Amino acid sequence: MMMRKRKGSADHDSSFTGTLLEDRSDLKQCHRKTDAASDPGGAGTAMGRRYRRGGLMWRLRKLLICVLGIYIAIPVIIKVCPSIQAKLVFLNFVRVPYFIDLKRPQDQGLNHTRNFYLQPEEGINIGVWHTVPSVMWREAQAKDAEWYDKSFQSSHPVILYLHGNAGTRGGDHRVQLYKVLCSLGYHVVTFDYRGWGDSEGSPSEKGMTTDALFLYQWIKQRIGQKPLYIWGHSLGTGVATNLVRRLCDRGTPPDSLILESPFTNIREEAKSHPFSMVYRYLPGFDWFFLDSIAANDIRFASDENVNHISCPVLILHAEDDTVVPFQLGKKLYDLAAQSKSLNGHKVQFIPFSSSLGYRHKFIYKSPQLPNILSDFLSAPHPHV
């Protein structure tokens, strides 16, 4: 009996031990599952990383397809709708600064300036500013249109300023130049072409030139034989050479033409513009973009115009100009210097070093500008 009892006890102990071992095995497996779930280097996390990486690659691929689609669509849209290219040339829809009241030039520090409107064509009114020389500042306060008209009869010469694309006649760099010129004793007359600022109508090269010619004749009627100079900047240099070519063809050239940051023609300028950089080497670039400009009858061919101009020409250009590359201004000067129509007239090119940082629109900051103008115009400044 003792033997049986021991055997039964042994069987019971063996059963208990087996159960205990099974429980421990289950507990170890449970611990392993818990550790795998909590281990950042575990299989579950690796799968999650692969999933996230795959999702990121898909999003990048999707973004690349969208960018490529836009890249291809833009030249196609411009070719189908060439009027878009005209808007990109003129940028007349860009008004910087946005909240300027063009009827109040005094808000820009021009409190000896009159704002008014003229009509070069029926149904087209354009906004004009006339700033009198600084020496007439006190006298100009609270004066009416009649006084400003009579002020043209003073001995001070006049500069007709033709601004570039984008912005208005109230753009900051333009206002700063007016201040410099009127401080030197010049009347400054400037305006917004049709379609710019608060001027009516739609922009076109022909319309811009027509507006400039109308303003020139309007000024000439008021100043008689006193000097009248034409100053163009950027796209305004194309308008200026168009205008002066017309005047010279009529035998009535201006006293001088001053070109700030000029180009040869709009085709070469568009090809050199930073906006065209991403498409410059695209097959068919000329067909998509440059031919679309021509389809809008936009040429601004200053390189051709200089062969029909017969008055002194001064070209100012900064070496660090990224909008209109320096080499285009230099090329235009080389063409002008060889022009038969300009033979016997002063043709001068003034470069400004990159170290000065004048870029495309800050030449007015040059302390040498007064002397440059005085030397070129062969006359001391009127207020001296």
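Predicted model: local features only at pLDDT ≥ 70, side-chain atom pairs only at ≥ 80, totals over all residues.

Q: Which residue does the side chain of Arg-169 meet in a salt bridge?

A: The general idea is that side chains of opposite charge can pair when their charged atoms come close. Here Arg-169 meets Asp-198, at 2.8 Å from N to O. Asp-198 counts as partly exposed, at 23% relative accessibility. Asp-198 is in the loop between S4 and H7, and Arg-169 is in the loop between strand S3 (158-162) and helix H6 (172-183), so the pair ties together parts that are 29 residues apart in sequence.

Q: Which residues do salt bridges with shared partners join into one network?

A: That network consists of Arg-114, Asp-149 and Arg-222. Over the whole structure, the search finds 11 salt bridges.

Q: What does Glu-121 pair with, and how far apart are the closest N and O atoms?

A: Glu-121 forms a salt bridge with Arg-194, and the closest N and O atoms are 3.2 Å apart. Glu-121 lies in strand S1 (residues 113-121), while Arg-194 lies in the loop between strand S4 (187-191) and helix H7 (205-223), so this pair ties together parts that are 73 residues apart in sequence. Arg-194 is buried, with a relative accessible area of 8%, and Glu-121 is partly exposed at 35%.

Q: Is Asp-107 buried or partly exposed?

A: Asp-107 is partly exposed, with a relative accessible area of 44%. Its salt-bridge partner is Arg-104, with 3.1 Å between the closest N and O atoms. Arg-104 is partly exposed as well, with a relative accessible area of 37%.

Q: How should I read the chain as a whole?

A: Begin with the totals. The secondary structure comes to 13 helices and 8 strands. Of the 384 residues, 45% count as buried. The accessible surface comes to about 20,200 Å², and carbon and sulfur atoms account for 57% of that surface. For contacts, take the pairs at least 6 apart in sequence: 74% of these contacts join residues at least 24 apart.

Q: Why can H8 be called largely enclosed by the rest of the structure?

A: Count its buried residues. In H8, 12 of the 15 residues are buried, so the helix is largely enclosed by the rest of the structure. Among them are Leu-235, Val-239, Leu-243, Val-244, Leu-247 and Cys-248.

Q: Which helices each supply at least two residues of the lining of the second largest pocket?

A: In general, rolling a probe the size of a water molecule over the atoms shows where empty space is left. In this model, H7 and H8 each supply at least two residues of that lining. The lining includes Glu-205, Lys-206, Thr-209, Asn-242, Arg-245 and Arg-246. Other lining residues include Asp-297, Arg-299 and Phe-300. The second largest pocket holds about 250 Å³ of space.

Q: How many cavities of 30 Å³ or more does the search find?

A: The search of the whole structure finds 1. About 40 Å³ of space lies in the largest cavity. Its lining is made up of Tyr-161, His-173, Leu-177, His-233, Glu-260, Lys-361, Ile-363 and Tyr-364.

Q: Where does Ser-339 lie, and what does Ser-339 touch?

A: Ser-339 lies in the loop between helix H12 (326-337) and strand S8 (347-352). Leaving out residues up to four places away in sequence, Ser-339 touches Val-306 and Asn-307. Ser-339 counts as buried, at 4% relative accessibility.

Methods: Residues numbered from 1 in each chain as written. Heavy atoms only, no water. Helix = DSSP H or I, 4+ residues; strand = E, 2+ residues; numbered from the N terminus. Buried < 20%, exposed > 50% of the residue type's maximum accessible area, 1.4 Å probe, protein only. Contact = heavy atoms within 4.5 Å. Areas by Shrake-Rupley, 256 points an atom, 1.4 Å probe, with all protein chains shown as cover. Salt bridge = Lys/Arg side-chain N within 4 Å of Asp/Glu carboxyl O. 1 Å grid on protein atoms, 1.4 Å probe; cavity = no way out; pocket = protein on both sides within 12 Å on 5 of 7 lines; lining within 4 Å. Points joined across faces, edges and corners; volume = space filled by probe spheres on them.
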